[in-house]
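Subject: Structure handover and findings

Dear colleague,

Please find below the structure that I am handing over to you, with its sequence. My notes on what was found follow directly after it.

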Amino acid sequence: MDSLNVSVIGAGIGGLASAIRMAARGYSVTVFEKNAGPGGKIGELRQEGFRFDTGPSLFTLPHLVDELLALGQSSDPTSFSYKKLDTVCLYFFEDGTRIEAKSEPAQFADELAIRTGESRESVLNYLRDTEKLYEASADIFIFNPIRRILSSAWHLTRVKLKSLLVFNPFRSMHSENRRRFKSPHVIQLFDRYATYNGSSPYMAPATLSVISHLEHNLGAFYPDKGLFSIVEALYAKALSLGVTFRFNTRVSGLAYSKGKIKGIKILDKTIPADRVISDMDVNAFYRFVVPEITAPWSVRLARYSSSAYIFYWGMSGRFPQLDVHNILFSNSYKEEFRHLFKLKKGFEDPTVYLFISSKLSREDAPEGCENWFVMINVPALDSSEGALEKDAVRLIVARKIKRVLGIDPLPHIRFERVTTPESLQDYTSSFKGAIYGNNSNSVFSAFMRHSNRSARFKNLYFTGGSVHPGGGIPLCLASAAIVDREMES
């Protein structure tokens with residue numbers, strides 16, 4: 001068995017997945033994490049009887065976690081369970097329209113027909129096309145090294161090529177949705193999937209519509225013990241495979257010579273490494289770990305994704321009009337994205353996302369209470385307008401909730417914690433607070449993402465949401481699988 005020494009920078013989900021894959025191969029693996037524990041953006045907050053997942057809240061493709069937990073020989077089997085949601089999300093519009101997105105496609109299509117007048121068949125055709133697009137593209141664009149995309153696409157069958165082009169990549173997501181649907185409500189609902197990687201539906205290519213397939217065809221899931229239990233399960237798995245973790249340890253540089261990494265630097269000490277995997281935000285990596293190296297074009301010409309303002313509210317009372325996942329749409333969606341990516345400033349009528357895990361896990365809130373995760377998208381920190389004021393944002397969000405739901409949230413708040421673009425940058429090293437690194441507001445964005453393998457150092461690799469294939473739990477896990485393949489090629 002090979003005894004290579006692998007150093008992983010960062011214990012986010014991409015770093016955990018990479019550590020597990022390397023340890024399962026028999027390598028000696030050490031993970032260096034600047035924070036006190038694992039998880040990165042997938043965090044947990046417990047306060048005054050409330051529990052919050054502080055990062056990603058929607059869980060798709062759970063088999064990718066199951067696959068990791070089944071790797072290698074470990075001393076203790078890792079327990080991890082989840083359930084499929086009957087309702088993916090509730091959607092609320094300013095005109096009073098309410099849409100319940102059932103996980104079963106036919107029921108979802110029926111609901112849209114009843115609530116909006118949209119043709120049932122147009123919805124089902126759209127979902128069938130997103131399924132075909134996923135089946136044609138997943139192995140090429142998601143689970144494949146970026147350097148092999150063109151060569152893999154060259155060998156596509158005629159049937160798969162037709163499925164791949166069913167959504168015109170040179171058309172924006174919004175233009176495609178407007179072409180397929182008549183209802184403004186349905187168009188807006190499907191436009192929102194551009195936000196899953198911090199982009200605008202008015203600029204992102206139509207092919208990103210494939211994201212809706214994960215929820216509406218394959219289903220949305222919820223781990224029995226919350227989203228942070230994914231981190232707990234992967235961390236336990238890594239430990240059982242012999243991975244060493246060094247928390248509260250910031251990597252300050254790399255030692256290298258003649259195109260090869262020799263080790264990582266912790267303050268004035270160099271720790272030898274045969275291979276290095278970085279799970280850091282790639283824009284931060286080049287600026288703070290290896291600032292002396294000329295960054296690639298994907299970093300020098302970075303166009304940042306959106307950031308977020310998140311309020312964690314411990315709420316007195318229960319609110320039966322809400323479900324686990326809830327969207328309160330902006331009444332001026334195009335203007336919201338113009339503010340995010342053109343004006344780069346906050347907007348007075350933002351779309352509000354409400355995640356309430358206590359709807360499923362009553363232990364996440366005291367009796368008679370709920371835990372509200374309340375998020376809006378805001379620009380990354382490259383605006384001349386300066387930081388958004390917390391009190392002003394809170395008031396905007398509260399007014400939106402009161403206007404759409406008829407609930408004034410402010411008198412119900414027993415506990416509050418806030419995440420801002422600044423705190424995202426500080427805690428997760430997301431440069432400028434951009435959650436997904438670069439945005440996908442161009443047909444060429446997928447090809448501009450940083451590769452999972454360094455072009456300069458043959459033993460340096462990259463994983464996580466800021467590199468290929470992108471952000472979100474499934475894609476971070478896919479990036480670790482790609483690193484695994486790249487390391488053996």
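I begin with M487, which touches M22, Y27, R275, I277 and Y461, leaving aside residues up to four places away in sequence. Please bear in mind throughout that this is a predicted model. M487 lies in helix α17, which spans residues 473-488. With a relative accessibility of 4%, M487 counts as buried, because the cut-off for that class is under 20%. L395 is a residue 92 places from M487 along the chain, and the C-alpha atoms of the two are separated by 50 Å.

F50 is 320 residues from E370 along the chain, yet their C-alpha atoms are separated by 8.0 Å.

Next come the cysteines. How many disulfides does the structure hold? The number is zero. C89 has a relative accessibility of 2% and so counts as buried. C369 is likewise buried, with a relative accessible area of 2%.

Helix α1 (residues 13-24) packs with helix α10 (residues 228-240) at an angle of about 30 degrees, and their axes are 9 Å apart. Because angles under 35 degrees count as roughly parallel, α1 is roughly parallel to α10. The crossing in which α1 passes α10 is left-handed. On the α1 side, the residues in this contact are I13, L16 and I20; on the α10 side, they are I230, V231, L234, Y235, K237 and A238. Sorted by class, the contact of α1 with α10 has eight nonpolar residues, no polar residues and one charged residue.

The crossing of α3 and α4 is right-handed. In α3, the residues that take part are P105, A106, F108, A109, D110, L112 and A113, and they meet R120, V123, L124 and L127 in α4. By class, the contact of α3 with α4 has nine nonpolar residues, no polar residues and two charged residues.

Finally, I turn to helix α11 (residues 282-289). Is this helix mostly covered or mostly uncovered? Helix α11 is mostly covered, as six of its eight residues are buried. The buried residues of α11 are V282, N283, A284, F285, Y286 and V289. What lies over them includes the strands β1 (5-9), β10 (253-257), β13 (275-278) and β19 (460-462), together with helix α12 (297-300).

Yours sincerely,

A colleague

Notes:
Residues numbered from 1 in each chain as written. Predicted model: local features only at pLDDT ≥ 70, side-chain atom pairs only at ≥ 80, totals over all residues. Heavy atoms only, no water. Axes fitted to C-alpha atoms, helices over the stretch in contact; angles between N-to-C directions. Helix = DSSP H or I, 4+ residues; strand = E, 2+ residues; numbered from the N terminus. Parallel < 35°, antiparallel > 145°, perpendicular 65-115°, else oblique. Left-handed = near helix turned anticlockwise from the far one by under 90°. Contact = heavy atoms within 4.5 Å. Nonpolar A, V, L, I, M, F, W, Y, C, P; charged D, E, K, R; others polar. Disulfide = S-S within 2.5 Å. Buried < 20%, exposed > 50% of the residue type's maximum accessible area, 1.4 Å probe, protein only.
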